[in-house]
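Trainee: I would like to go through a protein model by question and answer. Please keep the terms plain.

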Amino acid sequence: MTDEREDLPREFDLTVIGTGLTESIVAAAASRVGKTVLHLDVNEYYGSYWASFNLKNLQGLREECSGGEQQQEMLESNGVQLWRHSNQVQNVQMQWHVPEQCDAEAEATTGWSKERIMRDSHKFNIDLAPKLLFARGAMVELLISSNICRYAEFRSVDRIATLYDGQIKTV
């Protein structure tokens with residue numbers, strides 16, 4: 001039985017560190033012109049500051065990053081050294097403007113409670129850097145022409161909600 005790692009390349013034309021939008025565009029552009037690219041990230045998620053998290057994952061990230069002062073750790077693998085900043089995401093606060101729990105009748109009327117939102121947390125995504133791309137804008141054309149769109153996920157906005165007069169309202 002052969003080791004799966006034997007099939008992987010050992011030399012690369014370009015090493016890109018980080019999986020943010022800029023780094024991903026550079027990696028895709030180099031790959032498109034035939035360069036071999038090693039794309040690395042020290043985080044357990046892709047996207048760097050462009051990442052999106054559901055509510056449960058954001059809570060976990062908040063707890064992981066709330067350790068106080070910023071710490072750095074060096075990760076080394078096969079001669080490659082990377083620095084990981086443990087507090088890369090800061091100032092994340094979760095403040096609830098809905099009741100903790102609702103009985104079935106109240107939830108049917110208002111539709112919202114913290115318990116229900118967390119139960120359906122996969123339906124809510126929070127961007128670390130909120131952004132909108134216009135459907136025919138120059139940025140979208142760049143993403144399409146560079147083929148980076150194959151690695152990114154785009155969704156139409158389904159619904160926008162805001163806090164108004166102490167209640168969550170759909171806009």
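Mentor: The questions below go from the whole chain to single residues.

Mentor: This is a predicted model, in which local features need pLDDT of at least 70, side-chain atom pairs count only at pLDDT 80 or more, and totals for chains, interfaces and linings use all residues. Residues are numbered from 1 along each chain as its sequence is written, and side-chain values use heavy atoms, with hydrogens and water left out.

Trainee: In what order do the elements of the protein chain run from the N terminus on?
Mentor: Helices (H or I, at least four residues) and strands (E, at least two) are DSSP runs, numbered from the N terminus. The protein chain has 5 helices and 8 strands. From the N terminus on, the order is β-α-β-β-α-β-β-α-α-β-α-β-β.

Trainee: Which element of the protein chain has the lowest mean pLDDT?
Mentor: pLDDT is the predictor's confidence in each residue, from 0 to 100. The protein chain averages 75, and 73% of the residues score at least 70. Where pLDDT is low, the predicted coordinates should not be read in detail. The highest mean, 92, belongs to strand E1 (residues 14-17), and the lowest, 54, to strand E4 (residues 72-77).

Trainee: What percentage of the residues of the protein chain count as buried?
Mentor: Buried means under 20% relative accessible area, exposed over 50%, and partly exposed in between (1.4 Å probe, protein chains only). Of the 171 residues, the buried share is 25%.

Trainee: Which kind of aromatic pair do Tyr45 and Phe53 form?
Mentor: Rings of Phe, Tyr and Trp (its six-membered ring) pair if their centres lie within 6.5 Å; planes under 30 degrees apart count as stacked, over 60 as edge-to-face and the rest as tilted. By this rule there is 1 aromatic pair. Tyr45 and Phe53 lie 4.9 Å centre to centre with 75 degrees between the planes, and the pair is edge-to-face. As for cover, Tyr45 and Phe53 are both buried.

Trainee: Is Val171 buried or exposed?
Mentor: Val171 sits in the segment after strand E8 (167-170). Its relative accessible area is 72%, so Val171 is exposed.

Trainee: Which residues does Asp127 touch, not counting residues up to four places away in sequence?
Mentor: Asp127 belongs to strand E6 (residues 125-127) and is partly exposed because its relative accessible area is 27%. Asp127 and Ala51 are 76 residues apart in sequence, yet 6.0 Å apart in space, C-alpha to C-alpha. Contact means heavy atoms within 4.5 Å. Not counting residues up to four places away in sequence, Asp127 touches Ala51 and Ser52.
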